[in-house]
Amino acid sequence: MNSKQKRFFLTEEEIPTQWYNIQADMPNKPLPPLNPKTHEPLGAEDLYPIFAKDLCHQELNTTDPWIDIPEEVREQYKYYRSTPLVRAYGLEKALGTPAHIYFKNESVSPVGSHKLNSALAQAYYCKKEGITNVTTETGAGQWGCALSYAAKVFGLEAAVYQVKISYEQKPYRRSIMQAYGAQVTPSPSMSTRAGKDVLTRDPNNQGSLGTAISEAVELAMTTPNCKYVLGSVLNHVALHQTVIGLEAERQMEKAGEYPDIVIGCFGGGSNFGGISFPFMRHNLLNGKKTRFIAAEPASCPKLTRGVFQYDFGDLSGLTPLLPMYTLGHNFMPTNIHAGGLRYHGAGMIISQLLKDGYMEAVDIQQSETFKAGLLFSKTEGIIPAPESCHAIAATIREALKCKETGEEKVILFNLSGHGLIDMSAYDQYLSGSLQDYEVTNEEVQRNIAELDKII
């Protein structure tokens with residue numbers, strides 16, 4: 001290891017030409033998604049009304065470990081990839097840990113987060129199919145920004161339903177989406193049947209990702225030549241994000257090290273899967289013993305306190321039934337600032353891997369994450385997004401364990417985005433007005449009990 005070197009890059013020729021499909025190498029494949037009406041396993045053609053056809057086939061592909069990245073997408077990647085792998089010497093020194101801490105800096109993309117990796121791919125496949133309009137949901141706004149930009153790159157019109165609390169908390173993300181030409185609507189809204197139903201029951205509802213998904217799917221199904229695209233949870237989204245881990249794998253080789261622990265924040269699974277799956281294949285195939293830790297908010301703890309069961313991906317039950325760790329599709333998370341992590345369920349692949357013991361999960365309070373984010377900003381110069389602060393907090397926990405034991409472990413985490421548009425959240429933390437939220441056992445059990453009515 002060259003201790004003087006801090007940042008590691010790849011040449012254009014070294015940028016991956018294929019995505020990694022971990023489903024092909026899993027000993028236990030994810031259970032199949034089910035038709036929401038018949039409860040029969042879905043085929044790719046059953047998903048055609050919602051998604052672009054190529055994405056439907058990627059979603060259900062359990063046999064091909066490597067999927068070619070279209071050259072048109074790879075050319076767009078070259079504008080910002082490879083993203084740097086960085087040795088966090090400043091953070092290591094501040095913690096007094098013998099651990100070697102690395103982070104993959106996805107905040108350098110044009111939209112400031114990892115979300116563009118899949119947005120470009122999904123927009124490309126829609127354009128290839130002749131689609132003219134795309135629609136989606138967004139929590140904190142990173143995915144909405146990415147999709148808005150990617151749609152413009154490939155000449156598509158985009159409509160984004162942004163969770164209402166984030167629409168109000170993060171007005172500049174809304175402005176970014178509009179600057180790229182997208183139509184942005186706070187969700188729940190009166191523009192769809194799904195939104196009207198929510199507002200009829202609760203006029204002051206502040207929204208959830210499940211609600212916004214229902215609205216976006218409804219719009220896609222009722223609008224000619226329009227498809228729905230998704231920023232996390234589904235298998236094909238995690239597939240596109242593996243460009244992160246595949247790059248990191250080569251960059252770690254340049255650094256002369258290999259991670260003992262890989263960490264990512266967790267909402268639906270896109271950035272966690274993106275950084276983890278390429279390294280996890282060596283656990284699955286080659287006997288490596290790397291630990292993989294998903295860091296989720298204590299206010300939305302589906303991995304640590306949810307149940308593994310079939311559930312809808314949205315509030316209104318328009319999506320397929322997915323086998324997932326879930327708090328129930330009608331779960332309404334509290335209004336934490338990490339809006340991208342406020343989702344009731346986990347992706348099918350992540351859920352199966354957690355169930356089979358290939359990964360771990362921790363839940364972290366909001367105040368601990370912002371404390372970690374501020375330490376990171378002071379030592380590494382980057383203000384992280386509230387979502388990424390969860391990964392940093394989990395990394396700090398593991399680094400301090402190394403300090404206690406004297407173990408010189410290598411820790412890699414994904415810095416999924418910057419927090420330059422999240423400063424109101426930091427203001428609240430610095431002023432002492434930021435609150436912690438934790439779901440009670442009674443709330444969890446009451447919500448999960450509703451799942452028995454589904455299947």
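1. Helix α5, formed by residues 142-153, lies across strands β6 and β7 (157-163). Relative to β6, the helix runs at about 165 degrees. These features are read from a predicted model.

2. The strands β6 (residues 133-138) and β7 run parallel and are joined by 6 bridges. Within this pairing, glutamate 137 has tyrosine 161 of β7 as its bridge partner.

3. Strand β7 is largely enclosed by the rest of the structure, because 6 of its 7 residues are buried. Buried here denotes under 20% relative accessible area.

4. β7 also pairs with β8, in the parallel sense and over 5 bridges. Here valine 160 stands opposite valine 184, a residue of β8.

5. β6 is likewise joined to β9, by 3 bridges, and these two strands run parallel. One of the contributing positions is asparagine 133, whose bridge partner in β9 is cysteine 226.

6. Taken together, the pairings give an open sheet of 4 strands in the order β8-β7-β6-β9, with parallel pairing. From one strand to the next, the twist averages 20 degrees.

Notes
Residues numbered from 1 in each chain as written. Predicted model: local features only at pLDDT ≥ 70, side-chain atom pairs only at ≥ 80, totals over all residues. Heavy atoms only, no water. Pairing = 2+ DSSP bridges. Axes fitted to C-alpha atoms, helices over the stretch in contact; angles between N-to-C directions. Contact = heavy atoms within 4.5 Å. Buried < 20%, exposed > 50% of the residue type's maximum accessible area, 1.4 Å probe, protein only.
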